[in-house]
Amino acid sequence: MKTASTHPLNPATPIQAAAGVRQNDGWSRLPASYAIPAQAPSLAEAQEYCARLARSHYENFSVVTWFLPQELRQDFFNVYAYCRISDDLGDEVGDPQESLGLLDEWQAELQECYQGAPRHPVMVALQQTVRRLDVPMEPFADLLTAFRQDQRVTRYPTFQDLSGYCRYSANPVGRLVLYLCGYRDAECQALSDFTCTALQLANFWQDVAVDYSKGRIYLPLEDLSRFGVAESDIALRRATPAFLEMMRFEVERAREWFQQGLPLAKNVRRELAIDIELFSRGGEAILDAIERQGFDVLRRRPALSTSRKIYLLWRAALGKLA
């Protein structure tokens, strides 16, 4: 942030902060290019920024977008860039109060995206997307609600509380995809919510140990109590019989949510259906990986093998070619 640049299109390039505006100190903990610049870039520069950010942060993003209509790829880059920076503002700063301040600044830029003249490259690119495709602000704002909640809440008493969190942390992403592809009906949104919550649950169960190292437990406390699991078991990475039985239950519950979302693929055009299938099968493959290692997610993080990833992509590619 201390080095000015006339090239806001490269996420690795620092951007000068707005003159006379005191930046939250939390920006210094993030890539310098994340800062809100003094002047807005051109639309072409902003779009290139989003495309590079998407490709550099998510190795499978280019593969996923290959299954989408060409005319929507830039829009998906723009939305992904928004989600990426939003997530980092909440998860990579290391100070809850500074994160909350940064999220407030980011939401002000989102307001400018819809009602004024944004300066950040992501918001400049996103403005064209939301205007052209008539995407409402609500799902973008809902994601920020989830990231704020991450700064304040580290335990969830009930599964209902956890699914309420997923309503803000995961479901907006699916709804944004639907808006970009022209689907606005309540049935598709409801089915998408099932799939997105299931994906979030699969990620939670995969990362129990990782999340605990960050001070968070997403396993509902009512389930720990029901199965006789102590928080100290997670802290000490003791995969007791009670813990393994609880994880078996959580995996089956996530599978049920995936099943409830399956009809979505039949309600959308084939290009989007292939992506939905790819993500759903990827999430289910994570649950299978958890089961294969006996539901012990504490001593080793379940992950998909390279061959399994290739198989999933190969199936999706066959669908695309067909």
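Is Ala198 buried or exposed? I found Ala198 buried, because its relative accessible area is 0%; buried means under 20% relative accessible area, exposed over 50% and partly exposed in between, with a 1.4 Å probe and protein chains only.

**Ground rules.** I am reading a predicted model, where local features need pLDDT of at least 70 and side-chain atom pairs count only at pLDDT 80 or more, while totals for chains, interfaces and linings use all residues. I number residues from 1 along each chain as its sequence is written, and side-chain values use heavy atoms, with hydrogens and water left out.

**Around Ala198.** I placed Ala198 in helix H9, residues 186-206; helices (H or I, at least four residues) and strands (E, at least two) are DSSP runs numbered from the N terminus. Setting aside residues up to four places away in sequence, I see Ala198 touching Ala254, Trp257 and Phe258, where contact means heavy atoms within 4.5 Å. I also noted Gly261, which is 63 residues from Ala198 in sequence and 8.6 Å away in space, C-alpha to C-alpha.

I list Thr195 as buried because its relative accessibility is 7%. Beyond its neighbours within four places in sequence, Thr195 contacts Phe258, Gly261 and Ser280.

**Helix H14.** I checked the span of H14, residues 270-292: its 23 residues reach 32 Å from first C-alpha to last, close to the 33 Å expected at 1.5 Å a residue. The expected span is 1.5 Å times one less than the number of residues. After H14 comes Gly294, with a positive phi near 70°.

**Cores.** Which residues touch the most other members of the largest nonpolar core? I got Tyr82, Phe140 and Val268, out of 54 residues. Such a core is a set of buried Ala, Val, Leu, Ile, Met, Phe, Trp, Tyr and Cys residues joined through side-chain atoms within 4.5 Å. Elements giving two or more residues to this core include helix H1 (43-57), helix H3 (73-91), H9 and H14. H3 provides the largest share, nine residues. Apart from this core I found another of 33 residues, among them Val208, Trp257, Ile286 and Leu298.

I then listed contacts of Phe140 beyond four places in sequence, including Val79, Tyr82, Leu110 and Leu176.

**Rings.** How many aromatic pairs does a search of the whole structure find? I count twelve; rings of Phe, Tyr and Trp (its six-membered ring) pair if their centres lie within 6.5 Å, with planes under 30 degrees apart stacked, over 60 edge-to-face and the rest tilted. Tyr82 and Phe140 make an edge-to-face pair, 5.0 Å centre to centre with 85° between the planes. This pair joins helix H3 to helix H6 across 58 residues, and both Tyr82 and Phe140 are buried.

Phe159 and Trp257 have ring centres 5.9 Å apart and planes at 65°, so I call this pair edge-to-face. Phe159 sits in helix H7 and Trp257 in helix H13, 98 residues apart. Phe159 is buried at 11%, and Trp257 counts as buried at 19%.

**Charges over rings.** Arg253 lies over the face of Phe159, 3.8 Å from the ring centre. My cut-off here is NZ of Lys or CZ of Arg within 6 Å of the ring centre and within 35 degrees of the ring normal. Arg167 lies over the face of Tyr168, at 4.4 Å.
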